[in-house]
Amino acid sequence: MLSDSLRHRLEALNRERLPMADRRPEQAGASTGIPPANQRAVKQPLVSDRSSSSFGSLSPTLPPIQTYFHRGHEVQNDLGRHWLIRIPIDELWPQATKLIESRVAVLRESMMPESHWTPLVNALPQGVVALDLETCGLGGSALFLVGLLRDAGNGLAIELLLARTYAEEAAVLISLWQRLTSDQVMLTFNGKSFDWPTVCDRSRRWLIDRRVELPQPTHFDLLHPARRRWKGVLPDCRLLTIERQICRRTRVGDIEGREIPATYDQFVRTGDPEHIEPVLYHNALDLVTLLDVTLRLAE
């Protein structure tokens, strides 16, 4: 157990509170948000507040994740049907609308006209769409979930376009293209290497490019600016690392990315929404963090 003097020195370097020397093991475990072994992680809030940042924080008391699927509804288009779930951003990021408006106003006042970020800042928030995919594996695999964070007409919201079976991928793709325009600014994290090529490749496989004209939004991939900003500061530039170290939030019980394809397959085989809930929530949180990181990088 750390002595008090050593603990204070490490806290100063790490910027995180460390366990007190006299804290009992069960109390220390509770402070990290790790659920007891006999509880299912899917029932736990996946994010706990660890910051008093001026950007605000994700709520430590989030709605039960098993309600997300049932809040959706079926939509139909030329290539079939799929499930659509819409979540106002303020549910996951309290007072996000006011915080974003305030931050964008500050960025516009301080932004140099020749800045690389000017088109993005000028488009915020209504003209920006954040994109994050969940797929059945590595490059070339089918996608089953398209997550978008955009202004859907009533303020910023997260839209989850879900294929309930593998056959619904085409309908999900059509719905995605219907929500994109060439005058938008699209945000991704490693999207130029993965998300966008996957969307285009899967669309060609379904011959969607022969059905509709595919818009090409201005694309900002946040991975590369993040690496330039925080290289040497962070152990890596994964989105979850930035979320934890820069946004000062830690997820609890979050599903591992490598588990997502098998989890989706189980959902397809059983039809039980409980299997897909952690994936939906994971994707929604990624989108919120992507926008949060964008506002920090655009300084």
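## A cavity, a pocket and the elements around them

By class, the largest cavity is lined by nine nonpolar residues, with no polar and no charged ones. The model discussed here is predicted.

**The cavity**

The structure holds one cavity of 30 Å³ or more. The volume of the largest cavity is about 50 Å³. Which residues line the largest cavity? They are Leu124, Pro125, Val128, Val129, Ala130, Leu149, Leu156, Leu187 and Leu291. Strand β4 gives the most to this lining, with three residues. Rolling a probe the size of a water molecule over the atoms shows where empty space is left.

The largest pocket has a volume of about 930 Å³. Its lining counts 30 residues, and the closest to the pocket centre are Glu134, Arg238, Gly257, His282 and Asp286. Several elements give two or more residues to this lining: β4, α8, α10 (239-245), β9 (249-251), α11 and α12. Which element gives the most to the lining of the largest pocket? That is β4, with five residues. By class, the pocket lining has twelve nonpolar, six polar and twelve charged residues.

**Helix α11**

Helix α11 spans residues 260-270, and its buried residues are Ile260, Thr263, Tyr264 and Phe267. Why do they lie on the same side of α11? They cover an arc of only 100° around the axis, which puts them on the same side. What covers these buried residues? The cover includes α3 (67-70), β4 (128-135), β5 (143-151), β6 (156-162) and α12 (277-297). The face of α11 turned away from the buried side carries Ala262 and Arg269, and both are exposed. After α11 comes Gly271. The phi of Gly271 is positive, near 70°. Helix α11 is also among the elements that give two or more residues to the lining of the largest pocket.

Take Arg202 first. Its place is in helix α8, which runs over residues 191-205. Is Arg202 buried or exposed? Arg202 counts as buried, because its relative accessibility is 11% and the cut-off for buried is under 20%. Leaving aside neighbours within four places in sequence, Arg202 is in contact with Gly140, Ser141, Ala142, Leu143, Glu169 and Leu173.

Now take Leu234. This residue is found in the loop between α9 (223-230) and α10. Leu234 counts as buried because its relative accessibility is 11%. Which residues does Leu234 touch, not counting those up to four places away in sequence? They are Thr241, Ile242, Gln245 and Ile246. Along the chain, Leu234 and Gln245 are eleven residues apart. Their C-alpha atoms are separated by 7.6 Å.

**A strand pair**

Strand β2 covers residues 73-77, and strand β3 covers residues 80-88. In which sense do β2 and β3 pair, parallel or antiparallel? They pair in the antiparallel sense, over five bridges. Within this pair, His73 stands opposite Leu84 in β3. A hairpin of two residues joins β2 to β3.

Note on methods: Residues numbered from 1 in each chain as written. Predicted model: local features only at pLDDT ≥ 70, side-chain atom pairs only at ≥ 80, totals over all residues. Heavy atoms only, no water. Buried < 20%, exposed > 50% of the residue type's maximum accessible area, 1.4 Å probe, protein only. Helix = DSSP H or I, 4+ residues; strand = E, 2+ residues; numbered from the N terminus. Arc of directions from axis to C-beta. Contact = heavy atoms within 4.5 Å. Pairing = 2+ DSSP bridges. 1 Å grid on protein atoms, 1.4 Å probe; cavity = no way out; pocket = protein on both sides within 12 Å on 5 of 7 lines; lining within 4 Å. Points joined across faces, edges and corners; volume = space filled by probe spheres on them. Nonpolar A, V, L, I, M, F, W, Y, C, P; charged D, E, K, R; others polar.
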